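User: I'd like a quick tour of this model in questions and answers. Please keep it brisk and define terms as you go.

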Amino acid sequence: MPVDIHPSWKERLQSEFIKPYFTELTEFVKNEYAQHTCYPKGSDIFSAFDHCPFDKTKVVIIGQDPYHGPDQANGLCFSVKDGIPHPPSLVNIFKEIETDIGVSYPKSSNLERWADQGVLLLNATLTVRAHQAGSHQKKGWETFTDAVIKTISDEKEGVVFLLWGGFAKKKATLIDKNRHHILTSGHPSPLSANRGYWFGNRHFSKANEILGRNGQLPINW
């Protein structure tokens, strides 16, 4: 697994790539991709970073691990390639955007358009074996992505972190609350959303409001 990542991130994460855990992780991922069908495709593993360079990052959304169905995962959390049916969590995200800021439900399920505006769509685990949710968890990816969150927290200011669900909320401990903004809510999955923990969080308008106060352009959700 060559670390083909945007230079702005490579520069700041170089120390992670030479640590023993990352060497072991690389070996694990190489073997998994050689022996099993895994997602996303190799060239998309670091796609979130390529679409959202460090200097442009102003919003961070944290997911758990990639979609594990055929042709779904594209390296950005909650995002799937165009032409693929929208997964339930993404449907609920788009519904909340509709009611929050009045944007029509989009045809495109590919969230690269958000990433290109400065939204880092970061899964805690960047790879998965086909049809086996969580199969690449606790192999080192979380150590790496925690380092990413900590780097953003330490080296930037005024970033808006959207933490959805119990797993993402735990990442708040890595973020300096005096330098950044944290918005939390339930997860957009049907289980959580249907219990009233997701809809009405208005995270999209709130994030744009914070960005505006900081003199930054809002995200075109």
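**Spaces, contacts and backbone**

User: How do the residues lining the largest cavity divide by class?

Analyst: Ala, Val, Leu, Ile, Met, Phe, Trp, Tyr, Cys and Pro count as nonpolar, Asp, Glu, Lys and Arg as charged, and the others, Gly among them, as polar. The lining consists of Ile45, Pro66, Gly75, Asn123 and Leu126. That gives three nonpolar, two polar and no charged.

User: What kind of model is this, and which pLDDT do local features need?

Analyst: Residues are numbered from 1 along each chain as its sequence is written, and side-chain values use heavy atoms, leaving out hydrogens and water. The model is predicted: side-chain atom pairs count only at pLDDT 80 or more, totals for chains, interfaces and linings use all residues, and local features need pLDDT of at least 70.

User: How much space lies in the largest pocket?

Analyst: On a 1 Å grid over the protein atoms alone, a cavity is a set of points where a 1.4 Å probe fits but cannot get out, while a pocket is an open set with protein on both sides within 12 Å along at least five of seven lines; lining residues have an atom within 4 Å of a point. Grid points are joined across faces, edges and corners, and volume is the space filled by probe spheres set on the points. The pocket lining has seven nonpolar, nine polar and one charged residues. The volume is about 280 Å³.

User: Which residue forms a salt bridge with aspartate 100?

Analyst: A salt bridge needs a side-chain nitrogen of Lys or Arg within 4 Å of a carboxyl oxygen of Asp or Glu. Aspartate 100 lies in helix 4 and its partner in the loop between helix 8 (190–193) and helix 9, so the pair ties together parts 102 residues apart in sequence. At 3.4 Å, N to O, the partner is arginine 202.

User: Which residue is joined to tyrosine 39 by a cis peptide bond?

Analyst: Omega of that bond is about -10°.

How values were computed. Helices (H or I, at least four residues) and strands (E, at least two) are DSSP runs, numbered from the N terminus.
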